[in-house]
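I opened this entry to keep track of what I looked up in the structure. The notes follow the order in which I checked things.

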Amino acid sequence: MGPDLIKYKVSYRNVKYPRLEFKTGELLLVLPYGQDPKVFLEKHRHWIVKKNKFIRECLNLSSDKEVVKRTDEEFKGLILSLVEKICKELDLRINKVYFRQMRTKWASCSKKRNLTINKLMRYLPEYLIEYIVFHEITHIIERRHNKRFWGIVAKRFNNYRELEQDLFRYWFLIQLSACRPIPFGIK
Ligand SMILES: [Zn+2]
């Protein structure tokens, strides 16, 4: 499939250089004012086709994945109880928990021990939510994804590689679904 057949959106912004984003699974071209998208698409044809193929593959692999429906209350309750449980386990304390819709990550944990949870996590199965919360709280002990970090994670989730893979597959499925007028039309 050529990039001309891949759907894309163009966003003209006050930027010096053009760039491509595939963060939500849909191609977005960020261009400086006045630049022709066709020229840019042609120049990056190879990258776009490859990236698009990869995302379609992720979506195919996620086609058997279950998207969970929870109310806002159920979701927040689940997160807060997991945070409490995991903080006890690791003997750590979290300052605040924020809920936001994010386009680049599932969650984050700041140096000030504030945990930010992507609202889209509410569609994930519980075992993955638990993994993300554990992963983020572990970042209080070790900021980087190094040997020490994965060592702590592996003690609790020895299948963490598999879980990371699952999360990857859910990412595009959920991001794309969240952008569509009819939620979760992907089967
Ligand atoms: Zn991390």
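Which residue in E6 is the bridge partner of Arg100? I looked it up: Asn118 is the partner of Arg100 in E6. I note here that the model is predicted.

**Entry 1. The overall plan.**
I counted the elements next. The protein chain has six helices and six strands. Along the sequence I read the pattern β-β-β-α-α-α-β-β-β-α-α-α. I then checked burial: 17% of the 187 residues in the protein chain are buried. I also checked contacts between residues at least 6 apart in sequence, and 47% of them join residues at least 24 apart.

**Entry 2. The sheet with E4, E5 and E6.**
I went back to the sheet that holds Arg100's bridge. Its three strands are ordered E4-E6-E5, the sheet is open, and the pairing is mixed. E4 (96–100) and E5 are the edge strands; each has a single partner strand, so one side of each has no neighbour in the sheet. I noted a twist that averages 15° from one strand to the next.

I took the two pairings in turn. E4 and E6 (residues 114–118) run parallel and are joined by five bridges. Within this pair, Val97 stands opposite Leu115. E5 and E6 run antiparallel, with three bridges between them. Here Cys109 is the residue opposite Leu115. I wrote down the background too: strands of a sheet pair through backbone hydrogen bonds, either parallel or antiparallel.

I followed the chain from E5 to E6. The two strands form a hairpin with four residues between them. In the turn, Arg113 has a positive phi of about 65°.

Which strands does H3 lie across? I found H3 (residues 72–90) across E4 and E6, running at about 150° to E4. H4 (residues 126–141) lies across E5 and E6, and its angle to E5 is about 20°.

**Entry 3. Cys109.**
I stopped at Cys109, which lies in strand E5 (residues 107–109). Is Cys109 buried or exposed? Cys109 is buried, because 20 other C-beta atoms lie within 10 Å, and the cut-off for buried is 20 or more. I listed its contacts, leaving out residues up to four places away in sequence: Leu115, Glu136, Ile137, His139 and Ile140. Leu115 is also the residue that Cys109 stands opposite in E6. I also looked up Cys109 against Val133. They are 24 residues apart in sequence, and their C-alpha atoms are 9.5 Å apart in space.

Not counting residues up to four places away in sequence, Met121 touches Trp106, Ala107, Ile129 and Ile132.

**Entry 4. The sheet with E1, E2 and E3.**
I turned to the other end of the strand list. These three strands form an open sheet in the order E1-E3-E2, with mixed pairing. The twist here averages 25° from one strand to the next.

I checked E2 against E3 (residues 27–32). They run antiparallel, and three bridges join them. Arg19 stands opposite Val30 in E3.

**Entry 5. Helix H2.**
I finished with H2 (residues 45–61). H2 has 17 residues and reaches 24 Å from its first C-alpha to its last, close to the 24 Å expected. Which residues of H2 are buried? I found Ile48, Asn52 and Ile55. They cover an arc of only 65° around the axis, which means they sit on the same side of H2. I looked at the other side as well. There, His46, Trp47, Lys50, Lys53, Phe54, Glu57 and Asn60 are exposed.

Key. Residues numbered from 1 in each chain as written. Predicted model: local features only at pLDDT ≥ 70, side-chain atom pairs only at ≥ 80, totals over all residues. Buried ≥ 20, exposed ≤ 12 C-beta atoms within 10 Å, placed from the backbone. Contact = placed C-beta atoms within 7 Å. Expected span 1.5 Å × (residues − 1). Arc of directions from axis to C-beta. Pairing = 2+ DSSP bridges. Axes fitted to C-alpha atoms, helices over the stretch in contact; angles between N-to-C directions.
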